[in-house]
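Q: Can you walk me through this one? Keep it short, please.
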Amino acid sequence: MDNENFDRMRTELLRVISLMTLAAIMVLLTGGCTAALRNSELEKVAKDWSLVIRASQVIPVYPLTEDLQPGDVLLVSSPIEEQAALYKKRGFLPLDQHLVRLYSRDFKKFYNSRFGTKDNAIPPAQWQTPDDKGELNWKAAPHAGFPTYQFSVTTGSGLNLAFPVEGVPVALGLMHAGSASGTVTIADTYTYGLDIFHVEKMVRSWGIRNRKLLRSYAPRDDKNHFLRVVNRVYLTGRVNVTINNDETTGGEARGGADRPIDLIMAKESAVTQNYSSVISAINRIASDQIPGGKVKFAIASSRSVSFSETFERPLVIGYVGFDMPILTGGRLGAPISTLAQLDGAITLEPYQGTADESYRLSALTFMYEDLRSRKESDSQQALAGLDNLARLLPPTYPFSAYEFSDPGTVRKDLDFVKGAEVKQKTQRFRGVLDYLGYAETTVETLRSYLPTAPRETEAQKAATAELGDELKAAEESLRDMSRQLYQDRAVLDAIDGVFLDAGE
Amino acid sequence: MPQEENKAFIKDKSADMSTTDRTLQLSATLAKAPNVNRNISRIERVIEGTPGWNIFYWSGSN
């Protein structure tokens, strides 16, 4: 080797080493940036996938799972505003804390024995069980349909991790494509569920039995926890994908005929035979790359690749559900559509009250009398807690009590008079109930009387105005006392002790 | 103070209440103040005019 050749080799070697060093430094410097980019690409793909599910009024599940079914109850701890913002940003919601799975035996009744529903078989059990030929019976399940989903992707974005269809990165590799666009058809789609009426009853019954657990999630700072209840799920058994190579449609695309995928075994002639061989070969390669041989390529060229991917068993892609707010004392509120909540749609606020105020008060009276008649230590403890609530009574009456003596004639009470000392303080919880009773009677009487009260003379007008003020004071007192009372632990414990424990 | 019979009137919540609802309303009213503490002598159903219940009770002491 002469000196000239040696110098040339040394220069070339140094150049390669310099380039490698520079590349290493670049990788180190841009590592964080690439990771961030990958995360953002992953989120985008997840969101795109979720949007097509959402467009069908279904809440997307991501990643896809087999293990979600009607009767699943999730505990949602973050406020609904945050949930809605997250849903808007990501396109899907994490499945939160799986609180309980409730099994209903009403499927056969709901489907009127159709779709292979049987006694004592809770779906999807009857469709998941292989028949004599070893095949699943999913075809018997109610079918559904989803629109075609269009997407665009680039390689190097960690696509195979985010996209729920494994064949896509293989297809991109076959086309030698850096970027591509395509369509996904969600095929073999099934759905099953139950009506809200039955599921809500089931959840409410569970809620009563587990009041002590739910009580821990009572509202605080005007914010509610929710139970998110799944009452319908959508599943897919197969997806059909067509991917077009965006690079061949750009400026670098060759004119003329489409090129087949380059494989070593392709011969120079026999186009049809070649094509079949190539497709078979690709399917063999795919079955090696994706265990289970579930990806089947139908068309493969440098411009486009079509394949279908069959899941071993259908996977849940989305669900329909409703939210039930957990109220004071662990009671459950009325069901509200989850989708409406997440989309921020204006919905009519359901009536969350469960009883007329006057019936509630009489129930409390009977509950108090029941506790007084019991000798157990638990009851005595609950009774002491209730009696301690006499501390909530004001020192003087904030309004005067009224009732009807005859239709159209109101009479003022002689003892319960505004400004007088509250007598009920010494009567413990009985005094609290009496105070509320007078307040309720006054509110009912004056609300009924005032719209038709005489207002002809100045004296009548003044008397009516005075009664109006009394009504306002009575309403305010009733509201304040009720709010304090029905949120108090002592009352909730007593209610549970008398009404709930009796059934256990 | 000699005892005398007084009367309180309970108006029906609505005109088309069923018998069960009317009875429930009466029970709830009797279970709370001021009626719960009264010495009730008799209860009458009012049909004519404004429908409801007349509750007669003794006040004062012998």
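A: Start with a term: contact means heavy atoms within 4.5 Å. Helices (H or I, at least four residues) and strands (E, at least two) are DSSP runs, numbered from the N terminus. This is a predicted model, where local features need pLDDT of at least 70, side-chain atom pairs count only at pLDDT 80 or more, and totals for chains, interfaces and linings use all residues. Residues are numbered from 1 along each chain as its sequence is written, chains are lettered from A and ligands numbered from 1 in the order in which they are written, and side-chain values use heavy atoms, with hydrogens and water left out.

Q: Which residues of helix 13 of chain A meet helix 14 of chain A?
A: Among them are Phe429(A), Val432(A), Tyr435(A) and Leu436(A). On the helix 14 side, the residues include Leu467(A), Glu470(A) and Leu471(A).

Q: What classes are in that contact?
A: It has 14 nonpolar, 3 polar and 4 charged residues. Ala, Val, Leu, Ile, Met, Phe, Trp, Tyr, Cys and Pro count as nonpolar, Asp, Glu, Lys and Arg as charged, and the others, Gly among them, as polar.

Q: At what angle do the axes of helix 13 and helix 14 of chain A cross?
A: Roughly 140°, and the axes come within 9 Å. Axes are lines fitted to C-alpha atoms, for helices over the stretch in contact, and angles run from 0 to 180 degrees between N-to-C directions. The two helices are therefore oblique to each other. Angles under 35 degrees count as roughly parallel, over 145 as roughly antiparallel, 65 to 115 as roughly perpendicular and the rest as oblique.

Q: New topic. Which residues of helix 7 of chain A are buried?
A: His198(A), Val199(A), Glu200(A), Met202(A), Val203(A), Trp206(A) and Gly207(A). Buried means under 20% relative accessible area, exposed over 50%, partly exposed in between (1.4 Å probe, protein chains only).

Q: What do they pack against?
A: Their partners in chain A include strand 2 (72-76), strand 3 (97-101) and helix 8 (211-215).

Q: Now the backbone. Where is Asn112(A)?
A: In the loop between helix 3 and helix 4 of chain A. Asn112(A) is not a glycine, yet its phi is positive, about 55°. Most residues other than glycine have a negative phi, and most peptide bonds are trans.

Q: Is Asn112(A) buried or exposed?
A: Exposed, at 59% relative accessible area. Phe115(A) lies in that loop between helix 3 and helix 4 too, and its phi is also positive, about 55°. Phe115(A) is partly exposed, at 29%.

Q: Which residues does a cis peptide bond join?
A: Pro123(A) and Pro124(A), with omega about 10°. In chain B, the bond from Ala33(B) to Pro34(B) is cis, with omega near 5°.
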